[in-house]
Amino acid sequence: MKAPKFRFIKPQSLSEAIGLLSEFEDEARILAGGQSLIPTLNMRLSQPEVVIDINKLDELKGISLETDHVRIGAMTRHVEVMGSALVNENLPLIAEALPYVAHVAVRNRGTFGGSIALADPAAELPACILALQAEIVLEGPQGRRKVDADDFFHGLYDTAMRPDEILTEVLLPLAKPGEVFSFMELSRRKGDYAQAGVACRALISSKTFENIRLVYFGSELKPTVGENVIRALEGQTWSGDIDEKIFSQLEDDLDPIDNLHGSAALKMHWQKVLTKRAIAAAVEKTELV
Ligand SMILES: Cc1cc2nc3c(=O)[nH]c(=O)nc-3n(C[C@H](O)[C@H](O)[C@H](O)COP(=O)(O)OP(=O)(O)OC[C@H]3O[C@@H](n4cnc5c(N)ncnc54)[C@H](O)[C@@H]3O)c2cc1C
């Protein structure tokens, strides 16, 4: 199918783009890398009156190291984030997850901000920024505001972003001394969206979990923090396995979607297996540090 007719506007500045969004609101869609928007237009799942292409906005591009965080501009392509020495050095979780995001051709155009704004429940980057407790920067007619990742993802493709706002950058805290990260995903083929996955950030000392954060994706309607399993793990010592009692906590944290990618029970099983692998990987990394 072909996309429906729409007006195409390519603003030259962020303020012009925000002005256009305020004017058209729900009738407008932002075009970033187009890797998700264009297919939905072609399939007529989305029929906006106006498409606002933000590819000219240089202020939304690039990666920089600030005092206590790395700033990734919304229009930075996945391929640039993946090739960034700054990201590899300071954001090991993002570096580990990016090869799982789609394929080379999609990563060449798709953007960091586009992935966060879209909030696909099976996407890798939303889970990672939630694991890192990043801040999302939004700009609209009322000005600039920061939203904690914990408050950003509301539901299926639903976020704290208002229709007249643009996601401009994401601020990702630097790893704290001793912190380790691991990332596990199950997908049908390499580069596909996840059927189940977990992003892990941990501080482990003598195999004891001092601090751990586990964020699940793929199985839920939005990236989900494993609050109960985290509480159960803290203070526990890793013996090469996880007690079934701890795993049963995950059943209170997750409510897997039953769909063609797998039943809810199967997804719960996958998430348990991935949790164990993610934790084992984190312990191993701690021993290497
Ligand atoms: C074959 C294929 C496989 C893929 N596999 C994966 C995968 O495994 N994992 C994964 O995470 N992704 C995957 N993707 C999606 C890809 O990562 C996209 O890059 C991403 O979802 C959206 O980024 P984009 O820049 O292309 O955004 P676009 O498609 O341009 O926009 C997506 C949505 O976000 C909105 N938007 C974009 N940027 C902003 C902004 N700055 N402010 C406000 N709103 C904005 C748009 O209006 C639109 O509604 C895949 C895509 C394809 C085509």
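Which residues point one way from β5, and which the other way? His69, Arg71 and Gly73 point one way, Val70 and Ile72 point the other way, and all are buried, where buried means under 20% relative accessible area, against over 50% for exposed and partly exposed in between, with a 1.4 Å probe and protein chains only.

Colleagues, a word on the basis of these values. This is a predicted model, in which local features need pLDDT of at least 70, side-chain atom pairs count only at pLDDT 80 or more, and totals for chains, interfaces and linings use all residues. Residues are numbered from 1 along each chain as its sequence is written, and side-chain values use heavy atoms, with hydrogens and water left out.

Strands are DSSP runs of E with at least two residues, numbered from the N terminus.

I turn to its partners; two strands pair if DSSP finds at least two bridges between them. Strand β4, residues 63-65, runs antiparallel to β5 and is joined to it by 3 bridges. A hairpin through 3 residues connects β4 to β5, and serine 64 has arginine 71 as its bridge partner. Strand β10, residues 166-173, is also antiparallel to β5, with 5 bridges between them; here glycine 73 is partnered by glutamate 169.

Finally, the cysteines. The structure holds 0 disulfides, a disulfide being a pair of cysteine sulfur atoms within 2.5 Å. The sulfur of cysteine 128 has its closest cysteine sulfur in cysteine 200, 11 Å away, which is too far for a bond. Cysteine 128 counts as buried, at 0% relative accessibility, and cysteine 200 is likewise buried at 0%.

Definitions and conventions: Helices (H or I, at least four residues) and strands (E, at least two) are DSSP runs, numbered from the N terminus.
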